[in-house]
Each structure stands twice: as C-alpha cells, then as structure tokens.
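Please open the model in a viewer and keep the selection tool at hand.

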Amino acid sequence: MCFNQIKTVFSATDFYLVVKPAGKGFHDEVLPNERRQQGFFNLCCEHFNEKLFPVHRLDKMTSGLMILARNQEAAAKFTALFEQKLVEKLYIAMSDKKPKKKQGSIIGGMQKARSSKWMLTKSKDNLAVSRFFSWGISSEQPGLRLFLIKPETGKTHQIRVALKSLGSPILGDALYGGRPSDRGYLHAFALKFVFEDKNYEFYEPPEQGVHYSEAVLQQVADLDNGFELNWPKSNRN
C-alpha cells in the first residue's frame, strides 16, 4: 500500500472526506530506529498543500472515512457535532470467532487496563454504547463473520473492546486477542451528518485486506442503507 496516495471521497469549501489506510498512524511516529515516520494527517496536509484541522481520528489499524476541516471555523463546528453525537457512524469488522449473540447492544464503562488496553466494566463511568448486527460469510471463507457496528459514543478502542466482550475479537487485532492476519479488520464504513444546513451521507467499502473477498464485498455493498436498518435497542438509561 502506497501511503502517499490519498483517496479523496468528497471535497467541499470547508472540509475534505478522505480514506485512511490500515496500518498508518494518524499522527507522526518515532520508530524504533529513531526515524520519524510521517502520520496520515500531516501527509494529507502535504498532499492538499494547505493547513488542515483534525476533528476526529482512527486507530492505526483502522481504515476508512475521515473528515478533515479546511479552516478553524469548520473545525469548531465539526468538533461540536462530534461532541453532541450528531455525526452518525457505521463500521465494518470481521472476526473468526462466533459471537455470544448475533445482534444486539454492548453497553459498559470503559476503563484503562494494562499494556495500552481498555476493558469494559459494569460501571456507567465513561459509558460506551455500541449496537451491532453480524452475519456468516460464504463457504469460501468458512468460520469468518462480518459485523456492522453503530457506535453511539466515541470512546478509545470502543469497538475493539466491544467485540472482544462478545467473544469475537477483531481479526488481526493482536492487542485484544484477535488471530494474526495481514491487517486489523476494522473499517470506518459510513458517515452521516448535517453541516451548514446540508445533509451528507457517505459509504465507502473497504479495499485493503486479503479477506475482503468478492463475496464479502458483495455483503458490504448490500449494507449501503445501513443507517435505515432496524437497529437493536440500546436500552440505555
């Protein structure tokens, strides 16, 4: 994967919508050899040759849709939208472990654990709420399962911890017990929001990963009305 090629899904006066590749950190990193590796955000600034403003982020292993504001005013408005939970998000994930239930809600407090991990607790402190559906994948990849997740909150590692709590850690997510693979199979699939009185809704299927077979991508294509699905109740008090 050539990280210098930025896929732009949408361009507007106030923001870009781009696709972050898997395996690329959002911020610059210092590697073990003390060489500095440019992060995805600064790579985008260089690509568009302008000063951009981050309004949300994705984990290094996660690919998918990201909004980049083009001025401070737009950045403040998007930040407020995210804080008020007015940006709806959908994620695609894959696991080789059968979940405890095929659909439903995962609700719990997020608490720091060892080795940069987070854990789900019964507390309501730092509450994380995720709703999901899951499906079996065709016989060409037996044992793999596809998840569509709608997070109602935006906590660190929220979806990764939620799927681990179901007994279905994400394929390639070593930190949370996922089986080794060519990448972590978590993808920011869709975004829906209102900005400056205009309605926006975007879907972007995953491209990077050996397990995204034609059959899997067909299943993903059938989810391009994902926000309108009859989502399980969150039962949040």
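## A guided tour of the model

C45 is buried, with a relative accessible area of 14%. Please bear in mind throughout that this is a predicted model.

**First stop: the two cysteines.** How far is the sulfur of C44 from the closest cysteine sulfur? The distance to that sulfur, in C45, is 7.1 Å, which is too far for a bond. A disulfide requires two cysteine sulfur atoms within 2.5 Å, and by this rule the count comes to zero disulfides. C45 is accordingly in no disulfide, its nearest cysteine sulfur being that of C44.

**Second stop: the whole chain.** Now display the entire protein as a cartoon. Four helices and 13 strands are present. The radius of gyration is 18 Å, close to the 18 Å that the globule rule gives for 237 residues, so the protein is as compact as a globular protein of that length. Along the principal axes, the C-alpha atoms fill a box of roughly 45 × 45 × 40 Å. Of the contacts with a separation of 6 or more, 63% are between residues 24 or more positions apart.

The accessible surface comes to about 12100 Å², and carbon and sulfur atoms account for 47% of it. Buried residues make up 51% of the 237 residues. Colouring by charge shows 34 positive and 25 negative charges, whose mean positions lie 9 Å apart.

Select residues 158-165, which form helix 3. Is this helix mostly covered or mostly uncovered? It is mostly covered, with six of its eight residues buried. The buried residues are Q158, I159, R160, V161, A162 and L163.

- strand 7 (88-95) and strand 8 (103-112);
- strand 9 (118-121) and strand 10 (127-136);
- strand 11 (145-151) and strand 12.

After helix 3, move on to G167, which follows the helix and has a positive phi, near 85 degrees.

Select N49, in the loop between helix 1 (40-48) and strand 5 (53-54). Its phi is near 55 degrees, a positive value in a residue other than glycine. N49 is exposed, with a relative accessible area of 69%.

Then select D197. Where does D197 lie? D197 is in the loop between strand 12 (186-195) and strand 13 (198-203). The phi of D197 is near 65 degrees, which is again a positive value in a residue other than glycine. At 79% relative accessibility, D197 counts as exposed.

**Last stop: T79.** Select residues 72-83, which form helix 2, and find T79 among them. T79 is partly exposed, with a relative accessible area of 30%; this value lies between the 20% under which a residue is buried and the 50% over which it is exposed. T79 and A69 are ten residues apart along the chain, and their C-alpha atoms are separated by 9.7 Å.

How values were computed. Residues are numbered from 1 along each chain as its sequence is written. This is a predicted model: local features need pLDDT of at least 70, side-chain atom pairs count only at pLDDT 80 or more; totals for chains, interfaces and linings use all residues. Side-chain values use heavy atoms; hydrogens and water are left out. Helices (H or I, at least four residues) and strands (E, at least two) are DSSP runs, numbered from the N terminus. The radius of gyration is taken over C-alpha atoms; the globule rule is 2.2 Å times the number of residues to the power 0.38. Buried means under 20% relative accessible area, exposed over 50%, partly exposed in between (1.4 Å probe, protein chains only). Contact means heavy atoms within 4.5 Å. Accessible areas come from the Shrake-Rupley method with a 1.4 Å probe; for residues, only the protein chains shown count as cover. Lys and Arg count as positive and Asp and Glu as negative; His and the chain ends are not counted. The place of a charge is taken as NZ of Lys, CZ of Arg, CG of Asp or CD of Glu.
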